Amino acid sequence: MKKLLPLFIVVLIYASAKAQTQPDSAAKHSPLKTLSYEQYNALINGDDIYGMSLAAELNHYPLPDKILKFKKELNLGPLQITKISAIAKELHRKKLEMGLTIIDNEKTIDSLFRTNKVDNGSLIFYANRYGLYQGEIRNAILQACLATRNLLSQQQVNKFEALQKVN
């Protein structure tokens, strides 16, 4: 027991030091005060932190980039790989484009309030645009899932889902 105590103390000190060196995203600030650091970076990087693909994925319509991770295991043919890669590339491009557009729109809304230039008409316009942009990203994601599914056999979908459960 006496030999384990010093080892335990060393492990605790190491864990404490490691935890202190890990970047804390909550402590970082977004360049835009109306978005969290996580939200801002997700929009800049084209990440989906809102689960916009769930309606498709939960119903056997996978995201193209997830399929490409298992291309060997799924025995994807060259044509499938080419087409699914193009879908994934276009989806990423669209998410980046719309992320920047949402950030610009959010800057405008913030500016309207900050400068006391907000009125009902401009608020309706920019708030509705925000919803439109969110819808456009979601549509692009779901369309990519649909197009990806249409390129796969049922056996490939089944195998993909089995691989997902393992990983």
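**View 1. His60 sits in the loop between helix 3 (54–57) and helix 4 (64–68).** Helices here are DSSP runs of H or I with at least four residues, strands are runs of E with at least two, and both are numbered from the N terminus. His60 isn't a glycine, yet its phi is positive, near 75°. With 41% relative accessibility, His60 counts as partly exposed; the cut-offs are under 20% relative accessible area for buried, over 50% for exposed and in between for partly exposed, using a 1.4 Å probe and protein chains only. A quick word on the model: it is predicted, so local features need pLDDT of at least 70 and side-chain atom pairs count only at pLDDT 80 or more, while totals for chains, interfaces and linings use all residues. Residues are numbered from 1 along each chain as its sequence is written, and side-chain values use heavy atoms, with hydrogens and water left out.

**View 2. The whole chain gives us seven helices and zero strands.** Reading from the N terminus, the elements go α-α-α-α-α-α-α. Of the 167 residues, 31% count as buried. Now look at contacts (heavy atoms within 4.5 Å): among those with a separation of 6 or more, 74% come from residues 24 or more positions apart.

**View 3. Asn75 is in the loop between helix 4 and helix 5 (78–114).** Here's another non-glycine residue with a positive phi, about 55°. Is Asn75 buried or exposed? Asn75 counts as exposed, because its relative accessibility is 62%.

**View 4. Helix 5 has 37 residues and should span 54 Å at 1.5 Å a residue.** The expected span is 1.5 Å times one less than the number of residues. The end C-alpha atoms of helix 5 are 54 Å apart, which agrees. After helix 5 comes Asn116, with a positive phi near 55°.

**View 5. Helix 2 (residues 37–45) packs against helix 5 at an angle of about 135°, with the axes 6 Å apart.** The axes are lines fitted to C-alpha atoms, for helices over the stretch in contact, and angles run from 0 to 180 degrees between N-to-C directions. The two helices are therefore oblique to each other: under 35 degrees would be roughly parallel, over 145 roughly antiparallel and 65 to 115 roughly perpendicular, with the rest oblique. From helix 2, Tyr40, Leu43, Ile44 and Asn45 meet residues of helix 5 including His92, Lys95, Leu96 and Gly99. The residues of this contact split into seven nonpolar, three polar and one charged. (Nonpolar covers Ala, Val, Leu, Ile, Met, Phe, Trp, Tyr, Cys and Pro; charged covers Asp, Glu, Lys and Arg; the others, Gly among them, are polar.)

**View 6. Helix 6 (residues 120–150) reaches 44 Å from its first C-alpha to its last.** That is close to the 45 Å expected for its 31 residues. Buried residues in helix 6 include Tyr126, Tyr133, Ile137 and Cys145. What covers the buried residues of helix 6? The cover includes helix 3, helix 4, helix 5 and helix 7 (154–166).

**View 7. Gln134 is found in helix 6.** Gln134 is buried, with a relative accessible area of 18%. Leaving out residues up to four places away in sequence, Gln134 touches Met52 and Ile102.

**View 8. Leu54 has its place in helix 3.** Leu54 counts as partly exposed, at 44% relative accessibility. Leu54 and Ile141 are 87 residues apart along the chain, and their C-alpha atoms are separated by 9.8 Å.
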